[in-house]
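Dear colleague,

Please find the structure below, together with its sequence. My findings follow it.

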Amino acid sequence: TTMSFTINCPICGPRNAYEFGFGGEDKGPRPDEEGLSPGGWCDYTHMNQCIAGVAREWWVHRSGCGVWFTTSRDTTRNLEVHVEAMEKGPNPSWEQE
């Protein structure tokens, strides 16, 4: 089987990317909801940078240990650059999938 690319799970080690779910760009902390306009929330949730180069991203090891983590991936070469384990991801309810 041809692998699309490899992602290094901080718990399980290098695995086929098909085992993971993409959680989106790492946009930093969620904005404070007090005084947040609908347009501001829309910008936070839907407007992505779509970087051609190294981008910080959230991934979940869906077919493995279930851990959420961030990684830096070079989107032009589809290669992982750096991984950090996290206890909770951008949407912990996805862990139930």
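**Salt bridges and exposure**

Arg56 counts as partly exposed, because its relative accessibility is 27%. Its partner in a salt bridge is Asp26, with 3.9 Å between the closest N and O atoms. This pair joins distant parts of the chain: Arg56 belongs to strand E4 (residues 54–60), while Asp26 lies in the loop between E3 and helix H1 (38–46), 30 residues apart. Asp26 is likewise partly exposed, at a relative accessible area of 28%. Please note that this is a predicted model.

The count of salt bridges comes to five. Among them is the one between Arg77 and Asp74, where the closest N and O atoms are 2.9 Å apart. Arg77 has a relative accessible area of 55% and is therefore exposed, the cut-off being over 50%. Asp74, by contrast, has a relative accessibility of 9% and so counts as buried, the limit being under 20%. A further salt bridge is formed by the side chains of Glu33 and Arg30, at 2.9 Å from N to O; both of these residues are exposed.

The largest nonpolar core holds eight residues: Phe5, Ile7, Cys9, Ala17, Phe20, Trp59, Val67 and Phe69. In soluble globular proteins, nonpolar side chains tend to be buried together. Leaving aside residues up to four places away in sequence, Ile7 touches Gly13, Pro14, Arg15, Ala17, Phe20, Trp59, Phe69 and Glu80.

E1 pairs with strand E2 (residues 13–16) in the antiparallel sense, over four bridges. The two strands form a hairpin, with three residues between them.

**Confidence in the model**

The chain has a mean pLDDT of 83, and 80% of its residues reach 70 or more. Confidence is highest in strand E3 (residues 21–25), at a mean of 94, and lowest in strand E6 (residues 79–86), at 68. Over residues 92–97 the pLDDT is below 50, and this stretch has eight contacts in the model beyond near neighbours in sequence. Where pLDDT is low, the predicted coordinates should not be read in detail.

With kind regards

Definitions and conventions: Residues are numbered from 1 along each chain as its sequence is written. Side-chain values use heavy atoms; hydrogens and water are left out. A nonpolar core is a set of buried Ala, Val, Leu, Ile, Met, Phe, Trp, Tyr and Cys residues joined through side-chain atoms within 4.5 Å. Buried means under 20% relative accessible area, exposed over 50%, partly exposed in between (1.4 Å probe, protein chains only). Contact means heavy atoms within 4.5 Å. pLDDT is the predictor's confidence in each residue, from 0 to 100. Two strands pair if DSSP finds at least two bridges between them. A salt bridge is a side-chain nitrogen of Lys or Arg within 4 Å of a carboxyl oxygen of Asp or Glu.
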